[in-house]
There are 2 protein chains.
Amino acid sequence: MPRPRLESREKLLPNAMMLFWKNGYHATSIDDLVKATAVARGGIYADFGGKAEMFEACLDLYRQEVAAPAIAILNSEHAGLDAIEGYFYHFIDMHRRHGLPGPGCFIANSMTEIAPHEDAIRTAVNAHSKDLHAAFLGALSHAGSRSNANLSQATLNELALFLVTSSQGLWSYARSVTDISLLESYVRSLMGLLHSRFS
Amino acid sequence: MPRPRLESREKLLPNAMMLFWKNGYHATSIDDLVKATAVARGGIYADFGGKAEMFEACLDLYRQEVAAPAIAILNSEHAGLDAIEGYFYHFIDMHRRHGLPGPGCFIANSMTEIAPHEDAIRTAVNAHSKDLHAAFLGALSHAGSRSNANLSQATLNELALFLVTSSQGLWSYARSVTDISLLESYVRSLMGLLHSRFS
DNA sequence: ACTGTATAAGAACGATCATTCTATAACTGA
DNA sequence: TCAGTTATAGAATGATCGTTCTTATACAGT
């Protein structure tokens, strides 16, 4: 009946993000969020307006707290093919800690569940794809300028787009398999293909 | 009040499959299914037992009617890299007819929405991945035996696994973008990488 | 110490969910 | 022609959904 008055409000978004990430939008109820966050029902509506707006806020938080640090690996000064490999292992290591089937990528999950039906989510998802594309393109350009392959800017651009698309499959896959070596195999093959293309 | 008594029961599964495919499991209600199929509420429970079982039946139908014909492209007698390209364009052409954002692949959608939480769905999804892997491996093996690259069986096997994983990303992507050329670009890049690896 | 604000707990609401049941009528086989 | 079967339309049910509202209380500012 009273109120413990701890700083639970601060944990609202991170905890809600985890639930939406693992279970998706429709399978996560307000009750689930209340139980997991120790925040009152009303607080959710006072702070966000509703479930849909809260989901958007969680997606934004994911982009800032989870996706951005990973993309930063690709944006580091002398990033090349090694940085691309590092980007993938960054996520795979997360799934090694979590166990499989894992949560995958919140953005990739939203891409299939919500993006076709909600403009705001599709916009956020596509904005992330654009960021990721630019980061891949930077790393590929560095790798290209160091190689003898003489790949055109158009080819590098398409390769970056390919990496954006292809990597979504890895995160989908992480939600259905139980063997982490299947994820590692993906990266080995991808790097083999890239090295073959850049030499 | 009466009963038109047409052969609507036959269209139950195909129509239900379309709804689950486009909107996913949780966003499709029994009411939606009843309206779209002109089948009585009770009929669904008499024939399948419930929503979850019906979803499984729809997924099986998709594997038979949609996935299997596509995989057959890869399993044709002299399938090589061209057949792999044909497999991808088979799905892309479907999205060209449908328009974007499109439905993607029912199996890929289920992989992210349901597979982590339902064993039966995860089993079906993984069985499809196994079929697809075998088909890719066959086509890659044919291509390998015709090339000078001398790729090992282990490398071909890993490449096939890569194609299975990577292709899931294309179907996710088809649900969030509005420009079909982004999907075509993926295939161009992938084929460029494969040709570079096999020469 | 008092007042006002913010937030907790949780009851209440109408809508919708999956599921079951009932009553009616079209078909089947005799 | 007349059961018996089968599938219909749709009401009914209880659970759960997202959302709102009420009440009590912990805190900040004075």
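This short talk walks through the two chains of a predicted model, from overall layout to individual side chains.

A word on conventions, please, before the structure itself. Residues are numbered from 1 along each chain as its sequence is written, while chains are lettered from A and ligands numbered from 1 in the order in which they are written. Because the model is predicted, local features need pLDDT of at least 70 and side-chain atom pairs count only at pLDDT 80 or more, whereas totals for chains, interfaces and linings use all residues, and side-chain values use heavy atoms, with hydrogens and water left out.

Let me start with chain A as a whole. Chain A has nine helices and zero strands, where helices (H or I, at least four residues) and strands (E, at least two) are DSSP runs numbered from the N terminus. The C-alpha atoms of chain A fill a box of roughly 70 × 30 × 30 Å along the principal axes, and of its 199 residues 56% are buried. Buried here means under 20% relative accessible area, exposed means over 50%, and partly exposed is in between, with a 1.4 Å probe and protein chains only.

How are the two chains related?

Turning to the backbone, the peptide bond from L100(A) to P101(A) is cis, with omega near -5°, and P101(A) is placed in the loop between α5 (81-98) and α6 (106-113). In chain B, L100(B) and P101(B) are likewise joined by a cis peptide bond with omega about -5°. Chain B also has positive phi values in residues other than glycine, including A38(B), near 60°, and N150(B), near 55°. A38(B) lies in the loop between α2 (30-37) and α3 (41-47) and is exposed, at 57% relative accessibility; N150(B) lies in the loop between α7 (119-146) and α8 (153-173) and is exposed too, at 73%.

Now the charges. Over all chains there are 13 salt bridges, a salt bridge being a side-chain nitrogen of Lys or Arg within 4 Å of a carboxyl oxygen of Asp or Glu. One of them joins D31(B) and R41(B), at 2.6 Å from N to O, and this pair links distant parts of the chain, from helix α2 to helix α3, ten residues apart. D31(B) also forms a salt bridge with K35(B), the closest N and O atoms being 4.0 Å apart, although here both residues lie in helix α2, four residues apart, about one turn of the helix. K35(B) is exposed, at 66%, whereas D31(B) is partly exposed, at 33%. In chain A, D93(A), R96(A) and E184(A) are linked in a network of salt bridges.
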